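Trainee: Please bring up the model and the sequence. I would like to go through them by question and answer.

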Amino acid sequence: DASLRMAIRNMKNPPTTFIKYEGTSFNFFGFASPSLLGFGGRGSSMAKAIARNSDEIYVKAVAEPEENRKEMAIKDYGVPAENVFNDYEEFLSKGVIVDLLIITTMDNYHYEPLMKALELGYKNILLEKPISPDPKECLEIVRSIPGFVCVKGNHDEYASNGDEGVA
């Protein structure tokens with residue numbers, strides 16, 4: 001879409017970092033406490049990559065409705081039980097509590113948590129692909145974020161060898 005390309009081209013000094021990411025190991029840009037909204041396939045893969053690739057970065061919180069996935073976050077990734085929430089609304093009700101929010105909900109559920117997180121003041125958000133399956137939501141997101149940044153990573157299932165990078 002031409003207006004999406006134009007919005008991206010016209011960015012200057014972005015105050016908000018918004019990342020569209022396509023499943024690769026990447027430098028967490030100095031963030032120490034990412035949290036995951038969604039802990040299904042993509043979210044648990046991201047947690048695994050974080051645990052496998054860093055002793056300094058840990059998943060601080062998880063929002064996930066499925067009990068078995070919440071238990072996995074606690075048992076396998078050391079997320080404190082008090083930081084495991086039933087859904088993104090419960091998580092976001094705590095305010096800004098982490099330095100990087102990673103949204104790995106199902107594709108149709110990216111828009112609402114993203115917009116609420118931005119409204120709360122989250123500045124650093126990594127959003128799994130696609131931004132939204134709805135083109136109108138994509139445009140609304142791009143237009144509502146001052147300094148929208150879109151980065152596509154090389155896909156290799158959150159590779160751990162460090163050869164892949166953000167393109």
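Trainee: How many of the five residues of S6 are buried?

Mentor: This is a predicted model, in which local features need pLDDT of at least 70, side-chain atom pairs count only at pLDDT 80 or more, and totals for chains, interfaces and linings use all residues. Residues are numbered from 1 along each chain as its sequence is written, and side-chain values use heavy atoms, with hydrogens and water left out. Strands are DSSP runs of E with at least two residues, helices are runs of H or I with at least four, and both are numbered from the N terminus. Buried means under 20% relative accessible area, exposed over 50% and partly exposed in between (1.4 Å probe, protein chains only); by that cut-off S6 is mostly covered, and the number of its five residues that are buried is four.

Trainee: Which residue of S6 is the bridge partner of Leu 101?

Mentor: S6 (residues 124–128) pairs with S5 in the parallel sense over three bridges, where pairing takes at least two DSSP bridges between the strands. In S6, Leu 101 has as its bridge partner Ile 125.

Trainee: Which residue in S5 stands opposite Leu 36?

Mentor: S2 and S5 run parallel and are joined by four bridges. In S5 (residues 100–103), Leu 101 and Ile 103 point one way, Leu 100 and Ile 102 the other, and all are buried. Opposite Leu 36 stands Ile 102.

Trainee: What is the relative accessible area of Ser 35?

Mentor: Ser 35 sits in S2 (residues 34–37). Beyond its neighbours within four places in sequence, it has contacts (heavy atoms within 4.5 Å) with Lys 60, Ala 61, Phe 91, Val 98, Leu 100, Leu 101 and Ile 102. Ser 35 is buried, with a relative accessible area of 0%.

Trainee: How many residues apart in sequence are the parts that the pair of Phe 39 and Tyr 77 ties together?

Mentor: Rings of Phe, Tyr and Trp (its six-membered ring) pair if their centres lie within 6.5 Å; planes under 30 degrees apart are stacked, over 60 edge-to-face and the rest tilted. The whole structure holds three aromatic pairs. The rings of Phe 39 and Tyr 77 have centres 5.9 Å apart and planes at 75 degrees, so this pair is edge-to-face. Phe 39 is in the loop between S2 and H2 (41–53) and Tyr 77 in H3 (residues 67–77), so the separation of the parts tied together, in residues, is 38.

Trainee: What is omega for the peptide bond between Lys 129 and Pro 130?

Mentor: Most peptide bonds are trans. Pro 130 lies in the loop between S6 and H6. The bond joining Lys 129 and Pro 130 is cis, with omega of about -10 degrees.

Trainee: What percentage of the residues in the protein are buried?

Mentor: The protein has six helices and six strands. Of its 167 residues, the buried ones make up 46%.
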